[in-house]
Amino acid sequence: MFLALAVVGFLVTAVLSQPPAQTFFPASIPLAIRSPYTSLWHSSQAGASPLSSSWPLFWGRQNALDVQSSIRVDGATFLLSGENNPPVGDLSASVMATQITPTRTIFVMQAGPMNVTLTFISPVDPSDWVTQSFPFFYLSVEAASLDGRAHDVQVYAEISGGMCYSRLSPALLPLIVLPTGLLSIDPYTAIKGIQYSTDETLIQRVQFTEPRKYVEVAQQAQDGEAYIAMATRPNQTWQIDNHAVCRRTFHDKGALLNTSMPVLPLIGVNVTVFAIAVGLGQIQSTSSPQVWSVGFVRSPSVSYTTSEEITLDLSPYFMTRYPGDGVDQAIDDFLKGFPDQQSKAIALDDAIISKASTISAQYADLVSLAVRTTLGSLDITVSSGSDGKPNATDVRIFMKNIASTQPTGRVNPVEKIYGALPLLLYLNASLVGPLLSPLLDVQDNLAGVLPYAAQDIGMFCSTPLLHPSETGNMLIMLYAHARFSGDGSLIHKHYNLTKRWTDYLVQNALNPTDQCVFSADTEVQQRANMTNLALKGIIGVKAMAEMSRALGEQEDAHTYDVYASNLTASWRSYALSSDGQHLLGVYGDQQSWALMYNVYADRLLDTGIVDNTVRSSRAYDLLWLHIDMVQLLQLQTTFYGTLLATSWSLFTAATVLDTDVRDEIIAGVWNRASSNGTQGPFPETYDSSTGAIQGGLDATAGPVEHFSYVLREIILISFLPSRPSLGAMFSLLALR
């Protein structure tokens with residue numbers, strides 16, 4: 001059985017504090033995640049180098065990102081992030097402690113006689129969609145003398161053109177995915193960069209000389225602009241040059257030259273960096289954090305075709321406040337707003353961690369991993385009005401499933417939104433409506449063509465077993481959105497569509513067919529009449545009854561109430577074991593078991609489909625099993641094998657009546673999340689006996705070595721973890 005280390009995370013509150021021993025050890029630590037294309041991680045698997053001597057990585061480890069930072073103390077330069085490569089004589093600061101919160105990742109380091117705190121802040125403000133959609137993060141440095149003496153201190157940070165371009169390997173000309181879906185070999189690409197200043201901010205920007213609209217390389221967009229900026233201050237210098245030149249200049253002088261190369265070399269031929277440094281003078285401690293902002297902007301960000309076959313270029317939501325060329329003003333305001341955003345980040349972190357800690361310290365660690373991963377998968381967009389300006393009343397949100405097997409990632413995958421639902425409801429239920437809208441709009445006019453819900457935008461799957469699952473998901477999410485947000489406009493607008501879906505479930509939910517599919521409910525599943533899947537469909541019918549009632553459609557409400565009641569009675573007769581002591585995984589199979597995670601929707605919406613008698617019988621079984629961790633984590637039913645999904649586990653933990661069982665399930669997930677033996681971000685699905693990513697890097701690394709290098713790289717980025725459905729970590733908090 002997969003075992004891991006002990007109990008709880010820790011809190012570092014000041015640079016002079018003595019951090020406790022670290023006990024939470026994810027194999028990959030989120031640094032900053034602001035969009036599918038602004039996503040930085042630190043590989044912290046066993047044996048890996050610390051952040052102070054390794055490059056931050058793009059989310060799937062496709063590319064090292066040259067986000068380097070350093071501090072120079074009394075003439076000695078210490079790296080805080082990045083590598084001394086090419087070598088210029090920099091030392092690496094000693095990492096003393098690491099803390100992961102919902103919005104921040106904090107590293108406490110020692111650089112000679114200075115204690116240094118390096119913090120990555122990804123603002124989370126779900127009620128302010130301008131802030132939430134602005135794809136920038138903060139990089140801050142604070143320092144304090146360990147010996148009580150003043151020291152001469154300078155700080156430095158840089159980005160490179162690699163922020164725009166994700167190359168799979170230095171030895172490989174990467175493949176690009178064209179809008180047509182065809183693969184093409186992409187040559188090394190020319191970039192252009194510029195340094196300029198507003199009245200308040202020094203800004204550096206890099207982009208391709210010829211950006212390719214809506215083209216991705218290894219899931220990094222090729223039509224964006226990368227920025228690094230810092231509020232203007234005394235003793236501030238900058239430079240755009242070869243990486244060795246900039247780093248050597250800062251190493252030797254503690255300042256940069258305020259110069260730029262006249263022509264930037266091609267990416268892949270040379271590395272050009274965009275650097276900003278500031279001299280702090282003789283100090284015992286920094287009077288305030290030294291802050292850079294880093295981001296990657298795409299506008300337009302999404303090409304969207306309406307149900308009327310009109311193609312729209314959608315802009316990021318923040319442009320409703322900063323239209324046209326307003327990015328510079330947005331950066332000004334972002335940097336000016338750092339104290340407020342830092343306070344909000346701390347307050348939100350404290351609130352989430354405090355509530356999660358009432359369940360367990362391990363649960364607090366898990367929710368801290370989920371927030372940035374889920375919100376960072378979203379693009380909040382708006383269309384343009386007749387005046388050409390961004391229209392704040394026409395909002396659509398798109399979720400990119402970055403770990404998809406499709407080269408560019410699936411868009412608005414229903415089962416991943418469903419997994420993320422608890423987090424979205426907890427933070428701001430209003431996010432759910434614009435996220436569902438594109439799925440609803442595209443299916444409104446498909447009556448007679450598609451009686452069930454599609455799997456995602458553009459993927460009208462013909463696999464029968466997906467139909468009850470995704471259709472139930474959509475009805476449950478629609479009702480959850482209306483119930484939690486108080487906004488019934490979505491169900492009113494799409495009422496006929498929801499009725500069509502519900503009528504399909506009335507006929508098909510009770511007896512799901514037997515096909516091999518891949519979804520949140522049925523990963524590699526090959527059995528018919530699954531108790532758990534049928535339950536979701538029945539809850540969907542009841543959700544429709546409640547939506548009809550809310551809209552004053554009393555006749556429909558009564559009709560669907562009757563259907564739900566009859567389906568529930570039949571389901572209970574099929575689902576309970578012959579001795580009435582437990583729920584079967586498959587109708588009639590007395591030896592089958594299941595984690596009945598779809599009970600969660602019943603609790604979330606209070607539909608009353610599953611009463612406490614049924615829940616108690618299930619909890620009894622889990623209590624009997626939890627003395628053996630191997631049996632508990634393999635409680636999937638015989639046909640799931642050792643596959644375990646994080647969302648399944650957390651949905652189940654939120655529904656059991658016994659807190660000991662709940663904590664045992666949480667501990668099992670935490671054990672995997674806290675193990676750094678397997679590389680990569682914490683996966684959505686994994687093998688419960690080995691911890692290996694399901695179908696992922698570990699599973700493919702051996703056989704794939706025999707393929708060509710190109711094929712190997714394609715496969716490695718096709719099975720990657722850390723999907724947005726990790727928002728299921730909030731299952732327990734969303735019920736409170």
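Okay, let's start with helix 7, residues 432-443, which lies across strand 23, strand 25 and strand 26 and runs at about 85° to strand 26. Before going on, this is a predicted model, where local features need pLDDT of at least 70, side-chain atom pairs count only at pLDDT 80 or more, and totals for chains, interfaces and linings use all residues. Residues are numbered from 1 along each chain as its sequence is written, and side-chain values use heavy atoms, with hydrogens and water left out.

Some quick terms. Helices (H or I, at least four residues) and strands (E, at least two) are DSSP runs, numbered from the N terminus. Contact means heavy atoms within 4.5 Å. Axes are lines fitted to C-alpha atoms, for helices over the stretch in contact, and angles run from 0 to 180 degrees between N-to-C directions.

So what does helix 7 sit on? Strands 23, 25 and 26 belong to an open sheet of five strands, ordered 23-24-25-26-27, with antiparallel pairing; two strands pair if DSSP finds at least two bridges between them. Strand 23 (302-305) and strand 27 (410-411) are at the edges with a single partner strand each, so one side of each has no neighbour in the sheet. Helix 6, residues 414-428, also packs on this sheet, touching strand 25 (378-384), strand 26 (390-401) and strand 27, and its direction makes about 110° with that of strand 26. If you want a spot to look at, Tyr304 stands opposite Leu312 in strand 24.

Take the strand 14 end. Strand 14 (residues 191-197) and strand 15 (residues 201-208) run antiparallel and are joined by seven bridges. The link between strand 14 and strand 15 is a hairpin through three residues, and Ser197 stands opposite Leu202 in strand 15.

Met109 is the residue opposite Val116 in strand 9.

Now, holes. How many cavities of 30 Å³ or more does the structure hold? Eleven. By cavity I mean a set of points, on a 1 Å grid over the protein atoms alone, where a 1.4 Å probe fits but cannot get out; lining residues have an atom within 4 Å of a point. Grid points are joined across faces, edges and corners, and a volume is the space filled by probe spheres set on the points.

The largest cavity has a volume of about 190 Å³. Its lining has 16 residues, and Ser35, Ser133, Pro135, Leu378 and Asp379 lie nearest its centre. Strand 1 (28-35), helix 1 (129-133), strand 22 (290-297) and strand 25 are the elements giving two or more residues to that lining. Strand 25 gives the largest share, three residues. By class, the lining has nine nonpolar, four polar and three charged residues. Here Ala, Val, Leu, Ile, Met, Phe, Trp, Tyr, Cys and Pro count as nonpolar, Asp, Glu, Lys and Arg as charged, and the others, Gly among them, as polar.

A search of the whole structure finds 20 aromatic pairs. Rings of Phe, Tyr and Trp (its six-membered ring) pair if their centres lie within 6.5 Å; planes under 30 degrees apart are stacked, over 60 edge-to-face, and the rest tilted. Trp129 and Tyr317 have ring centres 5.9 Å apart and planes at 75°, so they make an edge-to-face pair. That pair links distant parts of the chain, 188 residues apart: Trp129 is in helix 1, and Tyr317 is in the loop between strand 24 and helix 3 (327-336).

Asn85 and Pro86 are joined by a cis peptide bond, omega about 0°, and Pro86 lies in the loop between strand 5 (76-81) and strand 6 (91-92). The Ser299 to Pro300 peptide bond is cis as well, omega near 0°, with Pro300 in the loop between strand 22 and strand 23.

Note on methods. On a 1 Å grid over the protein atoms alone, a cavity is a set of points where a 1.4 Å probe fits but cannot get out, and a pocket is an open set with protein on both sides within 12 Å along at least five of seven lines; lining residues have an atom within 4 Å of a point.
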